[in-house]
Amino acid sequence: MKFLVLMAEAEHFARWDAATDDERQAVFDCFRAFTEAVRERGSVLGGEALAAPTEARTLRPGPGRAVTEGPYAETVEQTGGFYLVELPDRDAAVELAELLPSAYTVEVRPVIDVSFD
């Protein structure tokens, strides 16, 4: 099964900018442990760090699709990155997500397989 693993943290980008080299290394160590654990039981299909919410553009619903600056939701928690992984089941995905930095809120969401053929 495929899962999207979203990582968010309160004031993520300000906290990252203020982090020491050791604090950043600890985060990278968690990412490395997660990646290695996923590869042992499945595969990492993708993943990226995201730019700050100020760089986002949101298309609003309705005629004309107004485009606004910033993310969809106004919140102090900011999504900083994601992984797309393939693992045997949700329990495995949740178990391995616990390896990610404990300061993050981590959402594990199954991906629906949709064919566009």
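Biologist: What makes the meeting of the Arg32 and Asp29 side chains a salt bridge?

Modeller: The N to O distance is 3.3 Å. A salt bridge needs a side-chain nitrogen of Lys or Arg within 4 Å of a carboxyl oxygen of Asp or Glu. So Arg32 and Asp29 qualify. One caution on sources: this is a predicted model, where local features need pLDDT of at least 70 and side-chain atom pairs count only at pLDDT 80 or more, while totals for chains, interfaces and linings use all residues. Residues are numbered from 1 along each chain as its sequence is written, and side-chain values use heavy atoms, leaving out hydrogens and water.

Biologist: How far apart are Arg32 and Asp29 along helix α2?

Modeller: They are 3 residues apart, which means about one helical turn separates them. A helix here is a DSSP run of H or I with at least four residues; a strand is a run of E with at least two, and both are numbered from the N terminus. Helix α2 spans residues 21-41.

Biologist: Why is Arg32 called partly exposed?

Modeller: Its relative accessible area is 42%. Buried means under 20%, exposed over 50%, and partly exposed in between, using a 1.4 Å probe and protein chains only. So Arg32 falls in the middle class. Asp29, at 38%, is partly exposed too.

Biologist: Is Glu9 buried or exposed, and how do you know?

Modeller: Buried, because its relative accessibility is 7%. Glu9 lies in strand β1, residues 2-10. Its side chain forms a salt bridge with Arg15 at 2.8 Å, N to O. Arg15 is partly exposed at 46%.

Biologist: What makes the Glu9 and His12 side chains a polar contact?

Modeller: The distance is 2.8 Å. A polar contact is a pair of N or O atoms within 3.5 Å; within protein, one must be able to donate a hydrogen and the other to accept it, and sequence neighbours count only through side-chain atoms on both sides. So the Glu9 and His12 pair passes.

Biologist: Which parts of the chain does the salt bridge of Glu95 and Arg41 link?

Modeller: The closest N and O atoms of Glu95 and Arg41 are 3.1 Å apart. The pair links distant parts of the chain: Glu95 sits in helix α3 (residues 90-97), Arg41 in helix α2, 54 residues away. Glu95 is partly exposed at 44%. Arg41 is partly exposed at 37%.

Biologist: How many salt bridges does a search of the whole structure find?

Modeller: It finds 4.
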